[in-house]
Amino acid sequence: MNAPNDDVILRVEDLTIRYEKGRSIWGTPRYGQVVHGVSFSVKRGETFGLVGESGSGKSTIGKAILRQIPVLGGTIGFDGETVTDWPEGTTPLAYRRAVQVVFQSPRLSLNARMLARDTVAEAVHFHLGLQGRELDERVDRLFDDVGLARHLGDRYPDELSGGQQQRVAIARALACDPRLVICDEAVSALDVSTQAQVIALLRRLQEERGLSYVFISHDLGVVRNLCHQVGVLQHGRFTDIGLTEDIFERPRSDYTRALLDAIPRFPGRTAA
Amino acid sequence: MSDQAANALEAPLEAALTQTSDRRPGFLARLLSQPSTVFALCWVILLVIVALFASYLAPHDPNASSVMRRLQGFSSNNWLGTDDLGRDLLSRAMWGGRVALHAVAMAVGPALLVGVPIGLFVAYRGGWWDRIVMRLVEVEQAIPMLLFAFTFIAIFGRGLTNAMLAVSLGFAMSYLRLTRAVVLAERPKAYVQAAEIQGYSVPRILFRHILPNAIGPIAVQTSILAGVAILLEAMLSFLGLGVATGSPSWGAMLDDARRFQIQQPLLSLVPGAAITITVLAFNLLGDGFRDAFNSDLVISRRKKPEPVAAEPVVADSPAAAEAQSNSVLRLSHVSVEFPSHGGAYQKVVSDVSFAIAPGEIYGLVGESGSGKSMTTAAILGQAPRPGRVSSGSILLDGKELVGLPERQMRAIRGRDIGTVFQDPMMALSPVHKIGDQMIEGLVRHEGISRKQALERAAELLDLVGVIDARNRLNDYPHQFSGGMAQRAMIAAALICRPKLLIADEPTTALDVTVQKQVLDLMLRLRETLGMSILFITHDLAVVAQLCDRVGVMKLGELVEEGTTSALFADPKHAYTRQLLHAREMLDGPMGTAR
């Protein structure tokens, strides 16, 4: 697998995933294959975009990297380690600290009965063992980092706007100082103006911390904006993969071209 | 765009959010806003105080008998009378309360401590643990509680403790089942997944994250089981299997009352009332907990608001009058308001006016909380209770809709106004055939035969581009893809030849390629049928592609309106510019959104 000092942080090779579709009346499971031999790599400090329509398998790949579902074949290598070699259900805490997630719905990804501040503080306390004033300072700094007013920490998720909720979720993901963050439709549920802010935030955090992202999205515009490299998924296979500008300027497959054509555009005004 | 600029962009919205919604009232405040719960709570608190301090509060020794005073009625010395041994009934009832609460603690306490953790554990672990434990629970629950208590007492001997431990075991099973069910529902939610990905230990996830979210149903269950425990204790003591003979217990008092009923009919009154009121109080408390945990329920129970009479709209000028008569839909100064926590009304749509001409596609754009969907609901006469249209007028083809009775509104929805919503799969019933769902309104509104109706449904499905339309009428929604289902929804909305089609975020749940097809379809429908469409969306780019005119909404107000080309070329309002700017940032090439 890739050496720790390689400039590649995540390498996915020939990844094949199937999920249980249901069981026959005899109890034998029936499988549907959702990802077929997908390979890509994510460089340190860069963003890899996984684009596709519903059912393309993009979120499934994210779940496999986060070890939420079992993998049928292929390997996932992270920073010199082969993630897919670990037995199911055993994930080293070091990997949990290195790879974090931001989900689509900030409202559902936060515990409704926990104050925003406690959600972040719990992660800091758990991973770094900080307490008392040190813990407070660290949480304050995380709030500052994600552009969240400190007094909002005393609110429950329901009392925050969507953008604020997503900032709390990002602060929680950053609590353990991860190297890779999986953003699973992380801005799709937000209003347009809020999306722009959260994307600006993600980019700033990337620059400051050297973070790598796997950015899963159905929105080609957003992907173009944030990602260095893109893989276009259809029915669990890449139809196009490469540098973002190449894909957007010179799409190779018909499917990618159709996707690009379908994006609604403004009349008479060109995006600057 | 810089982060500061981005923050400035959201700032007015955020300010408004903190200003208007403020913080919602806490759990206790919601609990205490219900009169029946306050009564129940007071009774339970009184019972606890009396039980704890019975030795100080009771006027007499509960066991001091006096043959001289036996079976007396109400008197100044014995307020509630005396029993067959001349013991003071009030004092006995007070001490009986202590027995009752003791029984509750004995029955509910151990059950909570055993049932909830096991329920959490088996639900989280699943597999064989779950299967074996649940089968044992089912076996235990198949045995009636009283029978179980009898067996327990037969083996371990008489007494309150044994009786209540038997009850407790039964209660533990119901806690276990309840907790398991709640955990299974919470487990797949994103906040639990986020906790797993943080690497938190299983006990931490169970007790710190899942349990607080399950506390509502558990509290409700506890309150109800407390009432059941009191009934069971009374029942067992009545049968002589509970407390020791002579001890003051409400059930035992009832047993005494039964024997001397003929000589002193008032005897059964005291323990009977004590049992009834206490059990009732615990049940009311349970209802109160449930409502307070789910605050929406409390609101929806309030009285239906008074309908408001439409205000006559005076046309400002001959030109305006002309436009008024020409438009399919015309909203004039429409406001929708909701009662806020203080009792005052708060406007969610304020003073919105716009008109849609025949054959026009009008886009209503706004972000979440802008009031665009509430405006639609107002047009359809479906402003959710306790909200109401507080002023203004809504004219559909010259007919006033505000203040129209629900019966007439129902005839207008579906017949004069067709609607298409965001998620076709949510809007379609999974157990009925597409064809039957499409013609339901037609048969109801126009009373034509099923065969004719199906004929028209097939024509429309064909029109919206569903291939092999006639055969697909017999398919169920799950056999349709998302895009095809949305086409079917549009066809269904068109079936009564409505004057206006309202499409509320009809492409938001769809993939981009499918979105394009649906938008093309809308344009084609306007051309072939001359349909007027009110298109509600958050996506400016979609509006740009589809609509003739646009209204931009923000915090309940229509801030800008104009033809699509004019609005996009030269947005007047700062908010419109912000929206356009944000969208362009997002769609720009790498690094634009800085």
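In chain B of this predicted model, an open sheet of mixed pairing is formed by 6 strands in the order β6-β7-β8-β3-β9-β10. Strands (E, at least two residues) and helices (H or I, at least four) are DSSP runs numbered from the N terminus, and two strands pair if DSSP finds at least two bridges between them. The edge strands, each pairing on one side only, are β6 (417–420) and β10 (557–563) of chain B. Within the sheet, strands β7 (residues 500–504) and β8 (residues 532–537) of chain B run parallel over 5 bridges, with B:I502 opposite B:L534.

Residues are numbered from 1 along each chain as its sequence is written, and chains are lettered from A in the order in which they are written. In this predicted model, local features need pLDDT of at least 70, side-chain atom pairs count only at pLDDT 80 or more, and totals for chains, interfaces and linings use all residues.

Helix α4 (residues 116–128) of chain A has 13 residues and reaches 19 Å from its first C-alpha to its last, close to the expected 18 Å, where the expectation is 1.5 Å times one less than the number of residues. Among its buried residues are A:V120, A:V124 and A:F126; a residue is buried if 20 or more other C-beta atoms, placed from the backbone, lie within 10 Å of its own. Just after α4(A), A:G129 takes a positive phi of about 65°.

The contact between the chains takes 55 residues from chain A and 50 residues from chain B, contact being defined by C-beta atoms, placed from the backbone, within 7 Å. Helix α7 (residues 192–209) gives the most to the chain A side, with 11 residues.

Terms used: Two residues are in contact if their C-beta atoms, placed from the backbone, lie within 7 Å. A residue is buried if 20 or more other C-beta atoms lie within 10 Å of its own, exposed if 12 or fewer, and partly exposed in between; C-beta atoms are placed from the backbone.
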